[in-house]
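Please work through each task before reading its solution.

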Amino acid sequence: MKKITIAIDGHSSCGKSTMAKALARDAGYIYVDSGAMYRAVTLFALRHGMFDETDRIDNVRLEEAMPGIQISFKLDPETRMPQTFLNGENVEEEIRTLKVSSHVSPIAALPFVRAALTRQQQEMGKEKGIVMDGRDIGTAVFPQAELKIFVTASTEVRARRRYDELKSKGQQVDLEEVRKNVEERDYIDTHRETAPLRQAEDAIVLDNSNMTIEEQHRWLLEQLQTRIEKD
């Protein structure tokens with residue numbers, strides 16, 4: 001069966017990664033979490049003191065460091081789910097903290113960061129048979145993707161999902177703080193100068209505010225089947 005490129009974009013905490021992983025698994029495709037790549041760069045910047053006391057980024061230092069920042073994905077042998085590696089170190093858990101979440105959007109808005117990671121992402125997708133999720137996959141990374149999905153949900157639903165996820169990992173978080181973080185990320189993602197979050201003209205919209213994970217998965221498989229049958 002012919003393989004295609006699938007781009008899943010949308011707002012933060014919409015469950016894009018969960019649905020993309022499941023779709024890739026059942027389709028036999030490679031999954032790449034582009035958001036994890038930006039989180040990994042953010043973690044690198046935090047570790048190396050590239051944020052000052054007012055959370056301004058030392059752009060010069062980070063740009064100089066970018067050629068040495070390599071991000072890769074490996075399957076966990078037990079869960080069969082992809083894990084994010086930063087220069088060979090498994091950072092999957094650390095990049096999901098609220099601290100990283102609250103710093104990732106300014107990092108992702110930097111043109112030199114986006115250019116570097118876009119090159120890495122495009123290299124990963126040369127052979128097709130790939131599912132990638134993020135903010136600009138269907139508009140900047142893979143504008144020729146055969147199937148583009150744009151995912152959204154209400155702010156309240158997304159904040160609750162993110163809150164529940166963090167609590168399940170044992171993190172002490174406040175729901176209102178999480179909601180504010182979701183709103184701040186939405187604003188930065190949609191207003192950044194380089195590759196802002198926007199719906200591609202040929203993307204199919206999925207509002208999953210009131211959908212279960214199983215319902216989303218069935219819907220995505222239907223879209224994939226319909227797209228393949230068109231060729």
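Rings of Phe, Tyr and Trp (its six-membered ring) count as a pair if their centres lie within 6.5 Å, with planes under 30 degrees apart called stacked, over 60 edge-to-face and the rest tilted. The model is predicted, so that local features need pLDDT of at least 70 and side-chain atom pairs pLDDT 80 or more, while totals for chains, interfaces and linings use all residues. Residues are numbered from 1 along each chain as its sequence is written, and side-chain values use heavy atoms, without hydrogens and water.

**Exercise 1.** State how many aromatic pairs the structure holds, and which residue lies over the face of Phe85.

*Solution.* The number of aromatic pairs is zero. A charge sits over a ring if NZ of Lys or CZ of Arg is within 6 Å of the ring centre and within 35 degrees of the ring normal. Lys74 is placed over the face of Phe85, 4.7 Å from the ring centre.

**Exercise 2.** Determine whether Arg192 is buried or exposed, and describe its surroundings.

*Solution.* Step 1: Arg192 belongs to the loop between α8 (175-191) and β8 (204-207); helices (H or I, at least four residues) and strands (E, at least two) are DSSP runs numbered from the N terminus.
Step 1: buried means under 20% relative accessible area, exposed over 50%, and partly exposed in between (1.4 Å probe, protein chains only). Because its relative accessible area is 6%, Arg192 is buried.
Step 2: contact means heavy atoms within 4.5 Å. Beyond residues up to four places away in sequence, Arg192 touches Ala108, Ala109, Arg114, Arg135, Asp136 and Leu197.

**Exercise 3.** Classify the accessibility of Ala195 and list its contacts.

*Solution.* Ala195 also lies in the loop between α8 and β8. Its relative accessibility is 22%, so Ala195 is partly exposed. Apart from neighbours within four places in sequence, Ala195 contacts Arg114, Asp136 and Ala140.
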